[in-house]
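Subject: Structure handover

Hello,

Here is the structure for you to look at. My notes on it follow below.

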Amino acid sequence: MQRRDFLKASALPLFSASVLPSARAAQVIELPMYYPVAVGGPIAKILDGYAEQFHKANPDVVVKPIYTGSYQDTITKTLTALRSGGGSAPKMAVALAVDVFTLFDQGVLVSAEDLAGGDKGWLKSFYPAFLANSQVAGKTWSVPFQRSTPVLYWNKAAFKAVGLNPDKAPENWDEMRDMARRLTKLHNPVSPTDWGLQIPTSGFPYWLFQGLSIENGQARLASPDGKTTYFDAPETIGALDYLVKLSRTDKVMPEGIINWGTTPQDFFQHRCAMMWTTTGNLTNVKANAKFDFGVAMLPQHKRRGAPTGGGNLYVFNNTTEAERAAALRFIRWVTSPEMAADWGIQTGYVATSPAAWETPRLKEYVAGFPQAAVARDQLKYAEPELSTHDNQRVTKVFNDGLEAAITAQKTPAAALKEAQATAEGILRRYRNS
Amino acid sequence: MLNPKQGARRAWRQTLLAWALLAPALLLLTTFTLYPALSTLWQSVMSTPSGQQPTQFVGTRHFAQMLADPVFRQVMRNNLLYALVSIPASIALALLMALLMNARIPGRALARMAYFTPTVLPLVAAANIWLFFYTPGYGLLDQFMHGLGLPGRNWLGEPATALWAVTVVAVWKQAGFFMIFYLAALQNIPQHLIDAARIEGASAWQVFHRVTLPLIGPTTLFILINAVIGAFSLVDALFVLTNGGPDNSSNLLLYYIYQNAFQYWDTGYAAALTVVLIAILGLASWVQFASMGRRTHYQ
């Protein structure tokens, strides 16, 4: 303010044109946006490009993407910055869809309905499976953006080498175990791969595990209101039993915690023939696998299924009316079918609306690379990812239980019963309100 | 002869000067030590505010919660084990390296640098290198094991080894740092004391045990305090290597504080845990100063 007054005063005698742009520059709306990088690939470059492209079409808005580490770091930094306030706090962020309760309980969000001013048709354009994790108290608090779902990748060359049909992925649990057995050196010395299968369990084992629990008939691990968990349901325990047996009894998967980050590397290096990991890795695998590979839906058991995953766009309530309108404009632009298609092709994330899959560009891409459509086709079996109040803590309790069973410290039943009891203790206080 | 008025003025001036000289230190200590400590103590008896409920006084509730918290107990057990192993190990290793480096061996400067390198590397970078060493299957350690015909291990992924894998990295990291202090202390030992001992017929072990060790006592005390503080403030390696897992088997106190403060947003409980940390560190320094002060030979 002071500086502008000074400029005005000094430039006044000249009635300069230089004052006008500087005054106009002050009206440009800046939207700092925190975002994580959770998959391989030049995410930062792509997002910076989007911000620039958007600014060209909307000269009055500057979206400033700010890289903030992992999903975990991003939520930490976002909440810290929002608490301390100030001009540098983010106005928007890309954060895990499941952190909706955490952000909602902190009271920092603006709902998508309030942003869109009653335009409900727009939100209906997204796949319902991706919106399921956004609903709290009858409103939608985030917009699907970099969404994913786990799929099974398999090494066709390795399948061929052990006499399996290279074009056929395991259809169900039994088949996956039997195929994995033939692809494990321990059981079959001619196998070119050390292990048949890797289901990574480091950091956030609950996510891939939920794939197993859905297939075993336990679709949700928590109630939609985020106040009750189903960690000790018989189907959940049965799913963990299957997972633990894969490494401990059947010995087709390495024992102990399997690292999420090195699993794609293990796949490239012939250390495992099949892996479960996010579709977000698709572009990475396509670039680095030196062999023919296939992508399939997760195998079914009692039913077919997979959890959704990934991050949504959030807008915070430290925004002015004008900033909210600008944020909405950016969100609608970046989730438009054309942009969603581009984002999906460049990263491997699942384009978030059916309309995006109808764009010529994505149609053409799928025609040349049919693996890309597997995640989309799996969406009709997808269930919302585990999300509760005090989500980080409850999820940690569940992860600890899974890790205890995977590392054979506890039986699956004992570990999950304990986790359920602890989660009950945490969630009790949310039930009265 | 000063009259009383002049005397009073002089005394007042001296007091003023004393305060002026103390002010910078006082200001810094208050801002960065005293105020945060008191503020932490205050927060530890207040509940964590959430969107709907403002903070309120809860007394010792967080400390009662701690006693009933199995993760807290495990974290304390882990931290104690970690301290009991990492402190003696890094001090012994540091002394051994310093003795070697103090001897007249060829290429001494190069060897000193090699031993000091881990200290210069940022821990996060170093831990990432170790992450590769520990990778099951094709990590350096497993390749070595395979070479010997032994089966590999999932070093960071099994509760039995995760904490020790982290300990090795921490010892490797800080031993070089402690070595520098020992090296300086060793070079300050007057040669004539050692010569005198030799003339008296003392063996190499006797020289070390009776002459060298007592003379580097103050350094040992200094290193010990640093090692204890280090043992309870290790956190960066955990971010890279294990995130405290599997199932909290490598979780340590400071990392647990971080989890409570910045992952669960339970600032009240995190503050209470911090009070415990401060108490441990305070107690450790007090015990060491009190018990070793008498037996340490300051020159």
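Start with a helix contact in chain B. Tyr115(B), Phe116(B), Thr117(B), Pro118(B) and Thr119(B) in H4(B) meet Trp172(B), Lys173(B), Gly176(B), Phe177(B), Met179(B) and Ile180(B) in H7(B). Contact means that C-beta atoms, placed from the backbone, lie within 7 Å. By class, this contact holds 7 nonpolar, 3 polar and 1 charged residues. Ala, Val, Leu, Ile, Met, Phe, Trp, Tyr, Cys and Pro count as nonpolar; Asp, Glu, Lys and Arg as charged; the others, Gly among them, as polar.

Two points on the source. This is a predicted model: local features need pLDDT of at least 70, side-chain atom pairs count only at pLDDT 80 or more, and totals for chains, interfaces and linings use all residues. Residues are numbered from 1 along each chain as its sequence is written, while chains are lettered from A and ligands numbered from 1 in the order in which they are written.

Back to the helices. H4(B) covers residues 108–120 and H7(B) residues 159–187; they pack at an angle of about 120 degrees, with axes 7 Å apart. That makes H4(B) oblique to H7(B). (Under 35 degrees is roughly parallel, over 145 roughly antiparallel, 65 to 115 roughly perpendicular, and the rest oblique.) Axes are lines fitted to C-alpha atoms, for helices over the stretch in contact, and angles run from 0 to 180 degrees between N-to-C directions. Helices (H or I, at least four residues) and strands (E, at least two) are DSSP runs, numbered from the N terminus.

A second pair in chain B: H3(B), residues 70–102, and H10(B), residues 217–232. Their axes come within 9 Å and cross at roughly 140 degrees. By class, the contact of H3(B) with H10(B) has 11 nonpolar, 3 polar and no charged residues.

Now chain A. (Buried: 20 or more other C-beta atoms within 10 Å of the residue's own; exposed: 12 or fewer; partly exposed: in between; C-beta atoms are placed from the backbone.) E1(A) runs parallel to E2(A), residues 61–67, with 7 bridges joining them. Tyr35(A) stands opposite Tyr67(A) there. E1(A) also runs parallel to E3(A), residues 92–96, through 2 bridges. Here Met33(A) stands opposite Met92(A). Strands pair if DSSP finds at least two bridges between them.

Last, the interface. 20 residues of chain B are in contact with 26 residues of chain A. The chain B side has 7 nonpolar, 11 polar and 2 charged residues.

Best wishes

Conventions: Two residues are in contact if their C-beta atoms, placed from the backbone, lie within 7 Å.
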